Amino acid sequence: MATVTFAPAIQRHVSVDEQHVDGASVHEALAQCVAQAPALRGYLFNDQGRLRPHVAVFVDGRLIRDRRTLGDALTGTSSVYVAQALSGG
């Protein structure tokens, strides 16, 4: 099972524990996480179901390539880290 971890900045807005999910892609993994914590949907995705610009997703330490369909592949031992991209000055 892949492990999905949400950064503390996300957990301040949505209470969600680390998730262990089955899924062949980032899309499938995040869909399972949203099913467990529905409040994630509005925080991670816009009204068209696309990943919001301020959300960064890493698989095994690498930024995903497919932000459009979230089709990046997962293995049973993948680590997915979902973070809020921050900016400031």
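## Threonine 3 and its contacts

Leaving aside its neighbours within four places in sequence, threonine 3 touches Glu18, Gln19, His20, Ser78, Ser79 and Val80. This description rests on a predicted model. Threonine 3 belongs to strand β1. With a relative accessible area of 17%, threonine 3 counts as buried, because the cut-off for that word is under 20%.

Gln19 of the list is in β2, where glutamine 19 stands opposite valine 4. Val80 of the list falls within β5, which covers residues 79–84.

## Strand β1

Strand β1 spans residues 2–6, and four of its five residues are buried, so the strand is largely enclosed by the rest of the structure.

What joins β1 to strand β2? Three bridges do, and the two strands run antiparallel. Strand β2 covers residues 19–21. Valine 4 has glutamine 19 of β2 opposite it.

Strand β1 is also joined to β5, here by four bridges, and this pair runs parallel. Within the pair, phenylalanine 6 stands opposite valine 82 of β5.

## The sheet as a whole

In which order do the five strands of the open sheet lie? The order is β2-β1-β5-β3-β4, and the pairing is mixed. The edges are formed by β2 and by β4 (62–63), each of which pairs on one side only.

Strand β3, made of residues 55–59, is connected to β5 by five bridges, and these two strands run antiparallel. Phenylalanine 58 has tyrosine 81 in β5 as its bridge partner.

Helix α2 is formed by residues 26–36 and lies across β1, β2, β3 and β5. Relative to β2, helix α2 runs at about 130 degrees.

## The largest pocket

Rolling a probe the size of a water molecule over the atoms shows where empty space is left. The largest pocket holds about 150 Å³ of space.

Which residues line the largest pocket? They are Val59, Asp60, Arg62, Leu63, Ile64, Arg65, Asp72, Ala73, Leu74, Thr75 and Ser78. Sorted by class, the lining has five nonpolar, two polar and four charged residues. Ser78, one of the lining residues, is also among the contacts of threonine 3.

How values were computed:
Residues are numbered from 1 along each chain as its sequence is written. This is a predicted model: local features need pLDDT of at least 70, side-chain atom pairs count only at pLDDT 80 or more; totals for chains, interfaces and linings use all residues. Side-chain values use heavy atoms; hydrogens and water are left out. Buried means under 20% relative accessible area, exposed over 50%, partly exposed in between (1.4 Å probe, protein chains only). Two strands pair if DSSP finds at least two bridges between them. On a 1 Å grid over the protein atoms alone, a cavity is a set of points where a 1.4 Å probe fits but cannot get out, and a pocket is an open set with protein on both sides within 12 Å along at least five of seven lines; lining residues have an atom within 4 Å of a point. Grid points are joined across faces, edges and corners, and a volume is the space filled by probe spheres set on the points. Ala, Val, Leu, Ile, Met, Phe, Trp, Tyr, Cys and Pro count as nonpolar, Asp, Glu, Lys and Arg as charged, and the others, Gly among them, as polar. Contact means heavy atoms within 4.5 Å. Axes are lines fitted to C-alpha atoms, for helices over the stretch in contact, and angles run from 0 to 180 degrees between N-to-C directions.
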